[in-house]
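Look at the structure first, then read the points below.

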Amino acid sequence: MSNIKNGVNRRKVLKGATAGIITAGVAPTIFTKGAWAQEFRNDPKGGDVILGFNVPQTGPYSDEGADELRAYTLAVKHLNGEGDGGMLNTMQPSNLKGNGILGQKVTYVTGDTQTKSDAARDSARRMIERDGALIITGGSSSGVAVAVQALCQEMGTIFMAGLTHSDDTTGKDKKRYGFRHFFNTYMTGAALAPVLKDEYGSDRVAYHLTSDYNWGYTQQRAIKDATEAIGWRTEKTVLTPVGQGDFSQYITPILNSGADVIILNHYGKDMVNSLTQSIQFGLRDRQANGKNIEIVVPLFSRLMAQGAGENIKGILGSANWNWSLQDEGSKAFVKSFGAEYGFPPSMAAHTCYVQTLLYADACERAGTLYPPEVIKALEGHKFDGMGNGATEYRAEDHQCFKDVLVVRGNANPTSQFDLLEVVQEVPRAQVEYDASIFGGELGPYEVS
Amino acid sequence: MDAIILQVLNGLDKGGAYALIALGLTLVFGTLGVVNFAHGALFMLGAFCAVTFKKIITLEQIVLSKTELSPWGTPLEIRTPYAQQWFGDFGNVLIEYSVPFSLLLAIPVMLFIGIAMERGIIKHFYKRPHAEQILVTFGLAIVLQEIVKAFFGANPNPQPIPQIFMGAADLGVMVGMAENVITYPKWRLVYLFFSLGVIAAVFAFLRFTTFGLVVRAGMSDRETVSMLGINIDKRFTIMFGIAAVVAGLAGVMYTPILPPDYTLGMDFLVLSFIVVVVGGMGSLPGAVLAGFMLGVVQSLASMTEVKDIIPGIDQIIIYLIAVIILLVRPRGLLGKRGVMEN
């Protein structure tokens, strides 16, 4: 019997098969970054990646919610390689290829927050537990954002907030699983105050009307601190019930109060009503302390501004983003959105679109959908080309830091959408603050 | 002193709206015995008559520009209102005065809606308990507001004030005081006089016409009037339509003060019911008196000097007064014996 030296024998077959199995099965886990073995909630395991869009579809903010949903739908299209790609073409750095997330197709489910915390938590829970949503994103209220964010922390599901402006969202109520791209009331104050000083001087007396809920308190505090720092005096701060409707009884005391600047810490319908009625009472036609009385609306939204009509002309405020910006990212987004829907996006739509892309990009960079690794990829991430210049997702509180817009109601609009003009793009450095000033704890990466 | 005068004016103005809605509610209750929770929705529908009228007269011809592009790359839309094209300067006047003009649209529309609502739904609930009437009319109100939201969206729809009524009138100067001591928005003054006018017209209609005489007789004793061969049901249906018109007109004229959205009716409904209860169920003068009284009290309670003593009093004062009046006068200020007491 002769030995077969160069032929195939049983031992060689076994060796080869073992090596092949090891190569095929183990090597990817060595060389592919982030091929995590951990089990996690709603792991699509190669199937579709399901995103949960939790927006107000009914109630007073449903128009804003509809715009958020339009932006999300567009983001999903772009992530899946459909359409013109929008900000996928301008985002820097970007690991998005238009082939879904990690090569898996992106789909979505929706929920209705109704702008009520309980309803928002219920719809978020339903999307996570029943529909298999991997993340929750959206919303038009800080109360809702804080409530849903807390739920998402408990459930180990990432929450990419929509429109939420209260300091608490990334302050005392911040969570490891919650991320906010939108700016906050502190940033509004820091951005607005120097412009107010330039426009109206440093010897002013302010009178605040403030919505009687969490966002109103933080907004009032931020503007009061910022304006007092430039030399203004605060005559009075008055809380007004949410959904007041007729503000006449709160406006008339202002007339002869000696205040020469009225600050309306209102949003949505309250802002529309208080501003409209302040103008009707002739506040802007009067003088106090030898100066023209001015009105300031710290947080402006184009959708809400439409409700105030002519009354917003010349009124100063701040915004997270405006469709008239001329950077490449904004232009790309406006082009995609406008071509799809026939009108420009709101700032709520912008923040939701950006949040979706940022999440997807973080998954690509992490190489996994495993939430703790995606969170780490988002923390401290620096990016550009998405509409507000160089931006950073600060690791300490999950707040995005970027340029803030000071805007003014457009006196000569060229179209029904051209309601706000950008007065100044306040640089990020001017609105940054120490993460510790608002307290709070992010909590753990791993949740059971 | 000037602060008190201003708050009284605020109260009268607000009270005008309360009184108009409460007047319609009382008319319906007094004639048909129905507790109509959809009455606030009629106020809202009236407001949306103004919105619709403005939308119609500001319909635009859209021409696509051959040279200019929109920011999203499609041909720029050049929009010109048809009213301007067709009527020239009068078209501009129509747009500026769209709110007063829309009263002309609101009267037939609200009359039709009122009669349709009564004949289509509410008449089937005359003999049902008040709780069931409340449920069905409240459900109807929700349906109506969702329909409005589906057509007009959730955002407020601002309506123009005619140029002549823009800004504030210096009332202080008129009575010899210094400038800018007592100023008040001109449109709110218009609204106050308008509400007084409508209230006077309703009372005159009921007091000085044969129709009104029959209705008042029917409110006192329905059976006897029917036995006289008068079709009282038909007249009561028309009264429901008139109540809808009153609420609708109140809504139309309120639109420049409060840009309307679909929730407008609900905002006024609860307060208007309190007005009816305080005034006395079924009492028309009571509804008017209570409307103005509660409006003024609410405004005075929100004065800083008052709130410094009792914080939050402005939020509860109306309910507090309602409780006190019902304890002292269970039938309300001008309520009659026997109404809702069986």
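Two residues are in contact if their C-beta atoms, placed from the backbone, lie within 7 Å. Keep that in mind for the helix pair below. The model is predicted. Chain B has 15 helices and four strands.

**Overall build of chain B**

- The radius of gyration of chain B is 22 Å, close to the 20 Å that the globule rule gives for 342 residues, so chain B is as compact as a globular protein of that length.
- Along the principal axes, the C-alpha atoms of chain B fill a box of roughly 75 × 55 × 35 Å.
- Of the 342 residues in chain B, 46% are buried.
- Take the contacts in chain B with a separation of 6 or more: 74% of them join residues 24 or more positions apart.

**How α12(B) and α15(B) are arranged**

- Helix α12 of chain B covers residues 264-279, and helix α15 of chain B covers residues 313-328.
- Their axes lie 10 Å apart and pack at an angle of about 25 degrees.
- Angles under 35 degrees count as roughly parallel, and α12(B) and α15(B) are therefore roughly parallel to each other.
- The crossing of α12(B) and α15(B) is left-handed.

**Where α12(B) and α15(B) meet**

- Which residues of α12(B) meet α15(B)? They are B:L271, B:I274, B:V277 and B:V278.
- On the α15(B) side, the residues are B:I318, B:I321, B:A322 and B:I325.
- By class, this contact of α12(B) with α15(B) has eight nonpolar residues, no polar ones and no charged ones.

Notes
Residues numbered from 1 in each chain as written. Chains lettered and ligands numbered in written order. Predicted model: local features only at pLDDT ≥ 70, side-chain atom pairs only at ≥ 80, totals over all residues. Helix = DSSP H or I, 4+ residues; strand = E, 2+ residues; numbered from the N terminus. Rg over C-alpha atoms; globule rule 2.2 N^0.38 Å. Buried ≥ 20, exposed ≤ 12 C-beta atoms within 10 Å, placed from the backbone. Axes fitted to C-alpha atoms, helices over the stretch in contact; angles between N-to-C directions. Parallel < 35°, antiparallel > 145°, perpendicular 65-115°, else oblique. Left-handed = near helix turned anticlockwise from the far one by under 90°. Nonpolar A, V, L, I, M, F, W, Y, C, P; charged D, E, K, R; others polar.
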